[in-house]
Amino acid sequence: MDLATLIGIVLGIGLIIGAMLLGGSIMAFVNAPGLLIVVGGTIAATLINESMGLVAGAAKVYVQAFFEKAPSATELIDKVVDLAAKARKEGLVSLEGEDIPDPFLARGVQLGVDGLAPEIINGILEGELKTLKSRHGRSQAVFKFMASTAPAMGMIGTLIGLVQMLQAMEDPAAIGPAMAVALLTTLYGAILAFVLFAPIASKLETRTKSEVAHKTLAIIGVESILKGDNSMVIQSKLDAYLSPADREAKAAEK
């Protein structure tokens, strides 16, 4: 589980609710017309902008943001080096049935064991990587759109509230509810955009970059195995893609 995502959302919402409670009843911040305008309007606009399947899938992606963990590059490198050493010693076919935890690396190695040419394997893996980027990019676009739309819906609610308030200037009892709609819709839009949607879109984008870097490392590893590079060459080649902190941690383990 990604505790940072969970803690961030719980802390963000908790602080807002805590600030509301310090000033009085939280029910003062609950307004059904305002919620309908902002939450309902954001969902409606998203459905207009994207397909039903993509919007439904975005909910699943949102949940995954709490559970997915970034894969370990150092573990991948160690596995590639082990596989390369075995392939050089016993032949590429000896990797048949080898336990490879990373599915993408396992697929590349299996294609090599099956006898496909290195350039064909590289093309297949690069194609899968390109598809992954496109798929993830579309999910991120849904949350970016929602992050930009929620404040706009809040502004629409503000305008509606102001119009209602101006129409009820002669009735003091009606001014309060109309003013509440005007102000609370802006608040709802800001909370949805800056606590729930924009941070998740940014986190998903960061994870995609991390996953692309990990799979690129796997592609280079498979290529090195197929070329028959020795372990030291592969180790040096792949270590170049690690961050200084990861290199230091890896050196400390040895």
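Modeller: Thr42 sits in helix H2, which covers residues 32-49. Keep in mind that this is a predicted model. The relative accessibility of Thr42 is 1%, so this residue counts as buried; the cut-off for buried is under 20%.

What does the side chain of Thr42 do there? A polar atom of that side chain lies 2.6 Å from the backbone oxygen of Val38. Next come the contacts, with neighbours within four places in sequence left aside. Thr42 then touches Ile37, Met146, Thr149, Ala150, Met153 and Phe197. Helix H6 runs over residues 118-167 and helix H7 over residues 172-227. Met146, Thr149, Ala150 and Met153 therefore fall within the H6 range, and Phe197 falls within the H7 range.

Stay with H6 for a moment. Thr158 is also a residue of this helix. Its relative accessibility is 13%, so Thr158 too counts as buried. Beyond its neighbours within four places in sequence, Thr158 is in contact with Ala182, Thr185 and Thr186.

Now move to helix H3, residues 52-64, where Val61 is placed. Val61 is buried, with a relative accessible area of 15%. Set aside the neighbours within four places, and Val61 contacts Ser139, Phe143 and Leu204. Val61 and Ile200 are 139 residues apart in sequence. In space, their C-alpha atoms are 9.6 Å apart.

Helix H1 gives another case. It spans residues 3-22 and holds Ile16. At 26% relative accessibility, Ile16 counts as partly exposed. Ile16 touches Ile191 and Val195, with residues up to four places away in sequence not counted. The separation along the sequence between Ile16 and Ile191 is 175 residues. From C-alpha to C-alpha, the two are 8.9 Å apart.

Helix H5 is worth a stop as well. Which of its residues are buried? In H5, residues 103-113, the buried ones are Phe104, Leu105, Gly108, Val109, Leu111, Gly112 and Val113. Their cover includes helix H4 (73-90), along with H6 and H7. Look at both ends of H5. Just after H5 comes Gly115, with a positive phi of about 95 degrees.

Asn230 has a relative accessibility of 31%, so it counts as partly exposed. Its side chain reaches the backbone nitrogen of Val233 at 2.8 Å. Asn230 and Ala87 are 143 residues apart in sequence. Their C-alpha atoms are 9.8 Å apart in space.

Now step back to the whole protein. It has nine helices and zero strands. The pattern along the sequence is α-α-α-α-α-α-α-α-α. The radius of gyration is 26 Å, well over the 18 Å that the globule rule gives for 254 residues, so the protein is more spread out than a compact globule. Along its principal axes, the C-alpha trace spans about 90 × 40 × 25 Å.

How many residues are hidden inside? Of the 254 residues, 37% count as buried. Thr42, Val61 and Thr158 are among them. The contacts can be sorted by sequence distance. Take those between residues at least 6 apart in sequence: 74% of them join residues at least 24 apart.

Last, the surface and the charges. The protein exposes about 14,100 Å². Carbon and sulfur atoms supply 67% of that area. There are 21 positive and 25 negative charges. The mean positions of the two sets are 3 Å apart.

Conventions
Residues are numbered from 1 along each chain as its sequence is written. This is a predicted model: local features need pLDDT of at least 70, side-chain atom pairs count only at pLDDT 80 or more; totals for chains, interfaces and linings use all residues. Side-chain values use heavy atoms; hydrogens and water are left out. Helices (H or I, at least four residues) and strands (E, at least two) are DSSP runs, numbered from the N terminus. The radius of gyration is taken over C-alpha atoms; the globule rule is 2.2 Å times the number of residues to the power 0.38. Buried means under 20% relative accessible area, exposed over 50%, partly exposed in between (1.4 Å probe, protein chains only). Contact means heavy atoms within 4.5 Å. Accessible areas come from the Shrake-Rupley method with a 1.4 Å probe; for residues, only the protein chains shown count as cover. Lys and Arg count as positive and Asp and Glu as negative; His and the chain ends are not counted. The place of a charge is taken as NZ of Lys, CZ of Arg, CG of Asp or CD of Glu. A polar contact is a pair of N or O atoms within 3.5 Å; within protein, one must be able to donate a hydrogen and the other to accept it, and residues adjacent in sequence count only if both atoms are side-chain atoms.
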